[in-house]
Amino acid sequence: MAPYFVFPVAYLGLAAFAFLTRHSPSVLAAFVTGWAFGLGQFIVGLSWITESFAVEAERFGMLAWPAVAALSALLALFPAFAAMAARYLGGSGPGTLIALPATWSIAEMARSAILTGFPWNLIGYAWGFSDEALQAISVMGIYGLGLLTVLLAILPLLITEKYKLGRRSAALVLILVPAIAFATLWTGGTMRLAAAEFGDNGQRVRIVQPNIPQNQKWEAGQANAILDKLLALSTSGESDRPRYVVWPETAYPVLFEAGRNIHPALTASVPTGGLLLFGAVREAPARRADDPALLNSVLALDEKGRVVADYDKRRLVPFGEFTPFKRVLGAMKMTVGDIDYIPGESSAPIQLVGLPAARALICYEAIFPRSGDDRAGWILNITNDAWFGMSAGPHQHFLAARARAIEAGLPLIRAANSGVSAIVDSYGRVKEMLPLNVSGVIDGPLPAPAPTETLFRRAGNIPVVVSITLLIAAGAITRRRFTANRRSCCGP
């Protein structure tokens, strides 16, 4: 996975996982195989989470690796059930190999939905080293690319088993199948990019990356310094300043109250005749005094200090923004304060004067695949990945955000407190970028959407669901035939 992309490891690992599942002596043994595979997958892939515990090491430091291990053990249940289901559907024969890509995809979809969902490092992201290969997401989505990835890892095993190949021939197949598959994906993606039409909507944006350390972000004595830094970055190069400025998630370092107590640096950062789009925390309205709640929001401010558009985050991070089962667990939130955030009510695009409507995604929301025509003309992703330092986490998060651009055929403007901030075109390609742990700005035009709607945006996961159904049916039929052949050959 990002940022390393040692693709042969992913490919061989999946092939080994499929082989062990196929030859498991029982359904329960297949479950254990899948759980062990998933435990290793997630402990390695999610090790960056330990960085967030170091922000307040005196409170949470001791919990870092136990928390990652516990989360990985829980998430490992999804590949465990995938292996168990494939072994059950396919029996002790090759039907297990045919069913496994389908059950794996079902498990990834379930992981994206159960208990608020956590679709991090879906297996399709293993192709993130190639803009060309990622273009397949525009057709089949990230779940479809994941299904294809597992199927490609399993095909050499199926070919070897069907044709009783020797060791050398099997090794050759193991090399040729992924090589041909990558060449096909790369060629298709290259053709799509070669036919792409590029342009912009005539408006320029400025992305501000302040790089505020997480342990300073909410200190009362730091608020003025933080806002002064944001103002300086927002107004630099005044003669050539874009009309639209974007700040990261929760960039405003105090509780935002519309119409009062607004820091002068906020309104001074709004370009003449333009807008400042910024992340802020605000109090949820219509709550009882003894039951307060917060909203994680992106707000559009005009030069008169008026909020002219807003969006409240709908998908919240467990233990980061709210405590699940709070009555049992008590307050166990890692962010400042004991008050929980609550989800926003609308996912509609925000309407902005002078710009196309924007699909707003705050931080964690960018990891969730999404289809359907919501009439947005671009994607606005604001985030604060300062929690995770220089680890793999911000790179993996950025790749997921780029995948949303490819799925929808929409450009992406991404403002991250500590990086990665970027302008990404509607084909997922990075046009401008600020790396991790630097402060600065990106000025550039907002790219245009893809000229034609992507298949994924129209059809969503329907093609994947059809493929899953066909593979499960094929696995069940193969099991019956395999069982019948064994009986006719060897007796009951």
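In which sense do β3 and β4 pair, and over how many bridges? I looked this up before anything else.

**Entry on the model.** I am working with a predicted model, in which local features need pLDDT of at least 70, side-chain atom pairs count only at pLDDT 80 or more, and totals for chains, interfaces and linings use all residues. Residues are numbered from 1 along each chain as its sequence is written, and side-chain values use heavy atoms, with hydrogens and water left out.

**Entry on the sheet.** I found that β3 and β4 pair in the antiparallel sense, over 8 bridges. Strands here are DSSP runs (E, at least two residues), as helices are (H or I, at least four), and both are numbered from the N terminus. Two strands pair if DSSP finds at least two bridges between them. In general, the strands of a sheet pair through backbone hydrogen bonds, either parallel or antiparallel.

I then traced the sheet: 6 strands form an open sheet in the order β5-β4-β3-β2-β1-β11, with mixed pairing. Its edge strands are β5 (307–312) and β11 (440–447), each of which pairs on one side only. On average, neighbouring strands are turned by 30° against each other, direction ignored.

I went through some of the pairs. β4 (residues 294–301) is joined to β5 by 5 bridges, and the two run antiparallel. V298 has Y311 in β5 as its bridge partner. β2 and β3 run parallel and are joined by 3 bridges; there, V245 has L276 in β3 as its bridge partner. F278 stands opposite L299 in β4.

Is β3 enclosed or open? I noted that 8 of the 9 residues of β3 (residues 275–283) are buried, so this strand is largely enclosed by the rest of the structure. Buried means under 20% relative accessible area, exposed over 50%, and partly exposed in between (1.4 Å probe, protein chains only).

**Entry on D385.** I located D385 in the loop between β7 (378–383) and α14 (393–408). D385 counts as buried because its relative accessibility is 1%. Its side chain makes a polar contact with the side chain of H397 (3.1 Å). A polar contact is a pair of N or O atoms within 3.5 Å; within protein, one must be able to donate a hydrogen and the other to accept it, and residues adjacent in sequence count only if both atoms are side-chain atoms. Leaving out residues up to four places away in sequence, D385 touches P394, H397, R414, S418 and G419 (contact means heavy atoms within 4.5 Å).

Definitions and conventions:
Axes fitted to C-alpha atoms, helices over the stretch in contact; angles between N-to-C directions.
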